[in-house]
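Please read the following explanation with the sequence and the model side by side. It goes from the overall layout to single residues.

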Amino acid sequence: PYPSTSAVTSWASGTRVHAAGSPFGTVSPQHFAHGIVSGVVSASFGEADTMLLVDMRALPGMEGAPICDDDGALLGVLA
């Protein structure tokens with residue numbers, strides 16, 4: 001399935017999330033390209049809950065990876 005083209009504007013603590021990226025960038029692409037990590041939304045902050053605190057293991061080089069829910073809908077970007 002392909003990710004949803006609409007962004008999710010509502011979530012709750014405990015929502016399962018996933019991020020796809022290439023940890024360590026170009027250091028060793030044959031070993032680390034196209035990695036997927038999973039976790040949960042711990043909390044949300046800011047105006048209209050626009051900042052998420054996510055509990056997931058994200059390695060260096062995964063900055064900018066999309067964060068999606070179980071349905072593939074975009075929640076945000078890993079920073």
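Helices and strands are here DSSP runs, numbered from the N terminus: a helice is a run of H or I with at least four residues, and a strand is a run of E with at least two. By that rule Leu-74 lies in strand S5.

The model is a predicted one, in which local features need pLDDT of at least 70 and side-chain atom pairs count only at pLDDT 80 or more, while totals for chains, interfaces and linings use all residues. Residues are numbered from 1 along each chain as its sequence is written, and side-chain values use heavy atoms, with hydrogens and water left out.

The protein chain contains 1 helix and 5 strands. Read from the N terminus, its elements follow the order β-α-β-β-β-β. Of the 79 residues in the protein chain, 25% are buried; buried stands for under 20% relative accessible area, exposed for over 50%, and partly exposed for what lies in between, with a 1.4 Å probe and protein chains only. The protein chain exposes about 5,400 Å², and 59% of this comes from carbon and sulfur atoms. Accessible areas are computed by the Shrake-Rupley method with a 1.4 Å probe, and for residues only the protein chains shown count as cover. Among contacts in the protein chain with a separation of 6 or more, 49% are between residues 24 or more positions apart. A contact means heavy atoms within 4.5 Å.

Next comes the sheet. Strands of a sheet pair through backbone hydrogen bonds, either parallel or antiparallel. Two strands are taken as paired if DSSP finds at least two bridges between them. In this model, 5 strands form an open sheet in the order S3-S2-S1-S4-S5, and the pairing is antiparallel. Strand S3 (51–56) and strand S5 (74–77) are at the edges with a single partner strand each, so one side of each has no neighbour in the sheet. On average, neighbouring strands of the sheet are turned by 40° against each other, direction ignored; the axes behind such angles are lines fitted to C-alpha atoms, for helices over the stretch in contact, and angles run from 0 to 180 degrees between N-to-C directions.

The sheet can be followed pair by pair. S2 and S3 run antiparallel and are joined by 6 bridges; within this pair, Gly-39 has Met-56 in S3 as its bridge partner. Strand S1 (residues 16–21) pairs with strand S2 (residues 35–45) in the antiparallel sense, over 6 bridges. On to S4: S1 and S4 are antiparallel partners over 3 bridges. His-18 stands opposite Cys-68 in S4, and Val-17 opposite Asp-69 in S4. S4 and S5 also pair in the antiparallel sense, over 3 bridges, and the bridge partner of Pro-66 in S5 is Val-77. These two strands, S4 and S5, form a hairpin with 4 residues between them, and Gly-72 in the turn has a positive phi of about 90°.

Leu-74 in S5 has a relative accessibility of 32% and therefore counts as partly exposed. Between Leu-74 and Ala-19 there are 55 residues of separation in sequence and 9.8 Å in space, C-alpha to C-alpha.

Which residues make the salt bridge with Asp-70? Side chains of opposite charge can pair when their charged atoms come close. A salt bridge is defined as a side-chain nitrogen of Lys or Arg within 4 Å of a carboxyl oxygen of Asp or Glu, and a search of the whole structure finds 1. Asp-70 forms it with Arg-16, and the closest N and O atoms are 3.5 Å apart. The pair links distant parts of the chain, 54 residues apart: Asp-70 is in the loop between strand S4 (66–69) and S5, and Arg-16 is in strand S1. Arg-16 has a relative accessible area of 44% and is partly exposed.

Last is the surface. Phe-45, Met-51 and Leu-53 form a nonpolar patch with about 300 Å² of accessible area together. Patches consist of residues with over 30% relative accessible area and no salt bridge, where like charges are joined within 9 Å and nonpolar side chains (Val, Leu, Ile, Met, Phe, Trp, Tyr) within 5 Å. Met-51 is found in strand S3 and, at 53% relative accessibility, counts as exposed.
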